[in-house]
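Me: I would like to learn how to read the features of a model. Please give the general idea each time, then the case at hand.

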Amino acid sequence: MSDRFEPGSVISQSFDIRIVEKIAEGGMGEVYDAVLLGASGFEKRIALKIIRSEITGVPSTETQAGRRRDFLDRFINEAKLVSNLIHTHIAQMYLLGMIGEPGREIGYIAMELVNGINLRSFIDKHLFEEKHVPVDIAVYIASRVARALEYAHNATGRGGDLLGIVHRDVSPTNIMVSIEGVVKLSDFGIAKVVADESHGRDYVAGKRRYMAPEQTQTGNVDFRADIYSLGLVLFELLTNRMPDPDLPFVSCSSFRGGVPAEIERILHRSTNRHPRERYGTTSELAVDLEKAIYDKGYGPTFVTMSNYLKDLFPALAVEMPQVGAEEATIIFDKTQQ
């Protein structure tokens with residue numbers, strides 16, 4: 001029996017997306033709870049991210065048109081490159097597309113819908129209840145994100161060369177925890193592929209509070225910028241506050257008790273203002289975080305995380321919640337500063 005399809009055969013199919021409700025809005029765009037509709041009543045719940053019209057909408061001048069088109073091209077090219085990052089702790093990207101009339105298009109990404117909350121809501125809940133995240137839970141979350149980043153930083157192309165993927169926007173609103181206790185890093189869609197010189201280095205993207213110093217100064221970053229951002233996220237998880245970037249490193253013990261010296265060392269190294277003084281690989285960071293919570297032979301698991309989350313947010317067991325307020329992801333042209 002001959003094969004029905006030959007290599008390179010294209011199967012054309014149509015599909016629809018039904019919007020359920022808006023669940024977030026921020027600097028990059030709007031996010032909707034939606035349903036991908038297929039043949040014979042097939043339905044798949046997704047998160048639909050629409051790139052905000054201020055970036056990709058109808059321009060008022062020819063110069064703005066060029067800049068917006070340029071940004072959209074960059075966004076699409078980078079999203080296509082990271083679309084094959086398949087990892088337990090990375091929110092999956094299903095589909096990338098454009099909608100609208102020619103010259104008035106807006107981009108969208110269909111992504112995995114995580115039934116849970118983001119770390120912004122998680123941290124805010126602890127602030128509201130005037131308590132701190134248990135150290136083992138905070139470090140567990142950071143270690144899972146570190147493993148996601150390790151995978152992305154080590155991703156290679158078909159020829160075996162490193163792709164040079166840097167997330168550039170590691171922050172609480174881009175880290176989700178599902179009701180099952182699985183930590184997911186999302187929004188690789190704006191990741192800058194540092195090896196792609198064809199696009200130049202004029203643009204900077206990310207959340208300013210969590211940016212590494214070199215990211216805000218030059219935009220020329222490597223994986224160590226993600227390590228810096230993750231260090232800040234862990235510090236905030238442990239203390240419910242951000243360190244002052246203009247002051248020397250302040251230990252967590254200034255704000256709470258019970259943080260082991262080893263965690264302080266990890267934080268100090270991760271958030272060093274000089275990239276060469278940070279971890280030499282993301283793998284090394286992930287190992288240190290795991291050693292800190294599993295050195296006794298046992299420690300938190302996704303079940304531990306799930307139980308903690310259910311106690312903190314009882315409604316999670318019965319409904320899909322609205323995520324916390326989205327901090328603005330800024331995208332600016334360094335040549336215009």
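Reply: Start with how elements are named: helices (H or I, at least four residues) and strands (E, at least two) are DSSP runs, numbered from the N terminus. In this predicted model, Glu 264 is found in helix 7, which covers residues 261-270. Residues are numbered from 1 along each chain as its sequence is written. Local features need pLDDT of at least 70 and side-chain atom pairs pLDDT 80 or more, whereas totals for chains, interfaces and linings use all residues; side-chain values use heavy atoms, with hydrogens and water left out.

Me: What is the mean pLDDT of the chain?
Reply: pLDDT is the predictor's confidence in each residue, from 0 to 100. The chain has a mean of 83, and 79% of its residues reach 70 or more. Over residues 193-200 the value is below 50, and this stretch has 14 contacts beyond near neighbours in sequence (contact means heavy atoms within 4.5 Å) in the model. Residues 321-326 are also below 50, with 20 such contacts. Where pLDDT is low, the predicted coordinates should not be read in detail.

Me: Is Glu 264 buried or exposed?
Reply: Buried means under 20% relative accessible area, exposed over 50%, and partly exposed in between (1.4 Å probe, protein chains only). Glu 264 has a relative accessible area of 11%, so it counts as buried. Leaving aside residues up to four places away in sequence, Glu 264 touches Phe 249, Ser 251, Cys 252, Ser 253 and Val 259. Its C-alpha atom is separated by 9.1 Å from that of Phe 235, 29 residues apart along the chain.

Me: Where is Ser 186 placed?
Reply: Ser 186 lies in the loop between strand 9 (183-185) and strand 10 (192-193). Ser 186 is buried because its relative accessibility is 12%. Beyond four places in sequence, Ser 186 touches Ala 91, Met 111, His 167 and Asn 174.

Me: In what order do the three strands form the open sheet?
Reply: Strands of a sheet pair through backbone hydrogen bonds, either parallel or antiparallel. Two strands count as paired if DSSP finds at least two bridges between them. Here the order is 6-8-9, with antiparallel pairing. Strand 6 (116-118) and strand 9 are the edges, each pairing on one side only. The twist averages 25° from one strand to the next; axes are lines fitted to C-alpha atoms, for helices over the stretch in contact, and angles run from 0 to 180 degrees between N-to-C directions.

Me: How many bridges join strand 8 and strand 9?
Reply: Strand 8 (residues 175-178) and strand 9 pair over three bridges. Val 177 has Val 183 in strand 9 as its bridge partner. Helix 3 (residues 119-128) packs on the sheet, touching strand 6 and strand 8, and its direction makes about 80° with that of strand 6.
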